[in-house]
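Please open the structure in your viewer and follow the stops below in order. Each stop says what to select and what is there.

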Amino acid sequence: MRLLIICILALAASTVPAYAGDTEKPSVPNGVSATALSSNSIRITWNKPWDNVGVAGYNIYRNGSYYTTVYGNTNHVDARVSGGNSYEYSVVAFDDARNYTTHSNSVSASTGGGSSTGAAPRANTNGTPTAPDGLRAVAKDNDKAALSWNKPSGDVAGYNIYRNGSYRRTVRSTDYTDSHLSSGQEYRYQVVAFSSQAKYSLKSSEVKMTTGGGGQSNATVADDRSTSSSGSAGAPSGYRLVFSDEFRGNDIDSSKWNTRYRWGPNWIINGEKQYYVDRVNDRNFGHSPFEFDGEHMTITAIHTPGNLKGKANNQPYLSGALTTFGKFKMRYGYVEMRAKMPKGKGLWPAFWLLHQNENGKRPEIDVVELLGQRPNVALHTYHYYDNWKLRSTPTFETPGPNYADGFHTFAVKWEPGKITWLVDGRESKVHSNGNVAGEDMYLLLNLAVGGWWPGNPDGSTQFPARFSIDYIRAYSKN
């Protein structure tokens, strides 16, 4: 009877489309870029996203409206543009079951020359406008930002508005109201002026505002992203920056990071269930766990597709890890990460320092770890060896808001005989003892799945799981 039932089920299954019952969306397309080929054509390209069944096609949006659909390719030439104009593009992926992603980050390009991956084309010839000054952003209601700025001198035909680093809108006046924002969120704005000859200024200084009563913000330098959503952050006085990644590109910077642990990709530790894809050294693996939107890097964890199980050491999940082993090391100093944590049973994100050499105390400083089923508790531990026996401090806890609901800063100040942990710029825990190591250590960042500590994911865990990082910075004392 069992054999008969199996045969009947197999026959029935063969008549059902492969996508029946598929409710999982593809990952959001990343690496989107737009390049003007001529005065009447722009090429849009993007990276192929991951899907559990397979991506069927892409909808391209131009200036906020649906424009065309592309099947198979990850590029398209828009030949219906006119010279001297700026065009904004975003991409939505879909599978055979018509599960649609959200929009990719927006990029823009201007006919008449130039390209963009989220930044405005720049020119330095005569007739180029100067960057607008006096930019102000004021919160209105709970979902709007009222922007205004001063008109630069000379030939100015209009302005491109940038929100959180991505092109938002082109306007002709010196004011703009940005609507449909989320309440209680921080937004960052810049403005680029352009002339009637399609010559573009540099970006204005950046302003920040928070909806829901955040009020007006003063202009700050464009690279100042040191303020977290729940408190101040940044190195103490007397420290200088010696390493940083702001993750504003569209791929891993291999001059700073490895994408595998130093002991190799197939060594399983802590009973974990993920395989870390080595993006730097195996670009043809078939999937990248690293997504970029021009402002953040996101490590994604997914179920391993069947066709990649062999490559993935038969691990049930794919994820990503970064280390600076062989590229950057430090002995004492201050390190900080601004990140938005994932939540869900079995998820285990971490930012930590590890010993450079296999002798001495072989220390490990866990700047922050989080168990996905407890997203409102940040965890901190110091490990070291004494006579080849592992010793550890208690795992210190920093209760707080849900660290998966927004970006927060996590930092360690490492001094001779002392380790201080900080969350959102506030001192959380201190370990002061002669066992604090004083040897070279390097940085690590990863999203583990499963293992003896967090347990394995269950039906409540949502995939893809995302660990988004705004920046990593390291400082040395002067």
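**Stop 1: a pair of side chains**

Select Asp178 and Arg163: their side chains form a salt bridge, with 2.9 Å from N to O. A salt bridge here is a side-chain nitrogen of Lys or Arg within 4 Å of a carboxyl oxygen of Asp or Glu. This is a predicted model, in which local features need pLDDT of at least 70 and side-chain atom pairs count only at pLDDT 80 or more, while totals for chains, interfaces and linings use all residues. Residues are numbered from 1 along each chain as its sequence is written, and side-chain values use heavy atoms, with hydrogens and water left out.

The pair links distant parts of the chain, 15 residues apart: Asp178 is in strand S13 (residues 175-178) and Arg163 in strand S11 (residues 158-163). Strands (E, at least two residues) are DSSP runs, numbered from the N terminus. Asp178 counts as buried because its relative accessibility is 0%; buried means under 20% relative accessible area, exposed over 50%, and partly exposed in between (1.4 Å probe, protein chains only).

**Stop 2**

How many salt bridges does a search of the whole structure find? The search finds 16. One of them joins the side chains of Arg279 and Asp251, at 3.1 Å from N to O. Arg279 lies in the loop between strand S17 (274-276) and strand S18 (290-292), and Asp251 in the loop between strand S16 (239-245) and S17, 28 residues apart. Arg279 is buried, at 15%, whereas Asp251 is partly exposed, at 24%.

Next select Glu358 and Arg362, whose side chains meet in a salt bridge of 3.3 Å, N to O. Glu358 is partly exposed, at 45%, and Arg362 is buried, at 18%.

**Stop 3**

Terms used: Helices (H or I, at least four residues) and strands (E, at least two) are DSSP runs, numbered from the N terminus.
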